[in-house]
Amino acid sequence: MMRPAMHPKSILVALAALALVTFSSSVEAAPKKKYHFKLAAVTAKPEVEVDLAKQATPRVEAQINKAFATNPQLVGTLDGAPDPDAAAPAYRKFLKAKGISAAYLVTVEVTEASIEIVPMDKPNSQRL
């Protein structure tokens with residue numbers, strides 16, 4: 001029994017589809033880069049009221065630490081890492097060995113803070 005020959009355009013379409021599947025699977029396999037962020041400080045500008053700054057800075061610090069801890073591209077702790085100030089080349093070598101692209105020391109400054117009370121649907125309740 002003789003098989004019918006495939007049309008040349010059908011062969012090209014099949015080859016293009018195979019190349020696309022192969023290319024897309026290799027692109028998805030590329031790992032995302034990892035980074036280390038260390039929070040140095042959360043400060044408030046002098047223009048921010050002292051009472052508001054005392055309330056805002058710990059809240060901001062908690063949110064930043066939560067973001068650092070939950071992001072899959074961020075490495076939270078560097079156990080056994082050399083001191084970056086005293087031994088910078090050893091620190092860079094440590095980062096490379098752990099697969100970390102870069103490390104950053106982060107300082108956050110609160111430039112503005114306010115308190116807003118928003119009424120809610122439930123009686124006798126409000127959101128600060």
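I begin with F37, which is partly exposed at a relative accessible area of 27%; buried here means under 20% relative accessible area, exposed over 50%, and partly exposed in between, with a 1.4 Å probe and protein chains only. The model is a predicted one, in which local features need pLDDT of at least 70, side-chain atom pairs count only at pLDDT 80 or more, and totals for chains, interfaces and linings use all residues. Residues are numbered from 1 along each chain as its sequence is written, and side-chain values use heavy atoms, with hydrogens and water left out.

Rings of Phe, Tyr and Trp (its six-membered ring) pair if their centres lie within 6.5 Å; planes under 30 degrees apart count as stacked, over 60 as edge-to-face, and the rest as tilted. The count by this rule is two aromatic pairs. In one, F37 and F68 have ring centres 5.4 Å apart and planes at 65°, so the pair is edge-to-face. F37 belongs to strand 1 (residues 34-44) and F68 to helix 2, so this pair ties together parts 31 residues apart in sequence. Helices (H or I, at least four residues) and strands (E, at least two) are DSSP runs, numbered from the N terminus. F68 is buried, with a relative accessible area of 16%.

F37 also forms an edge-to-face pair with Y104, at 5.3 Å centre to centre and 70° between the planes. Y104 is in strand 2 (residues 100-110), and its relative accessibility of 42% makes it partly exposed.
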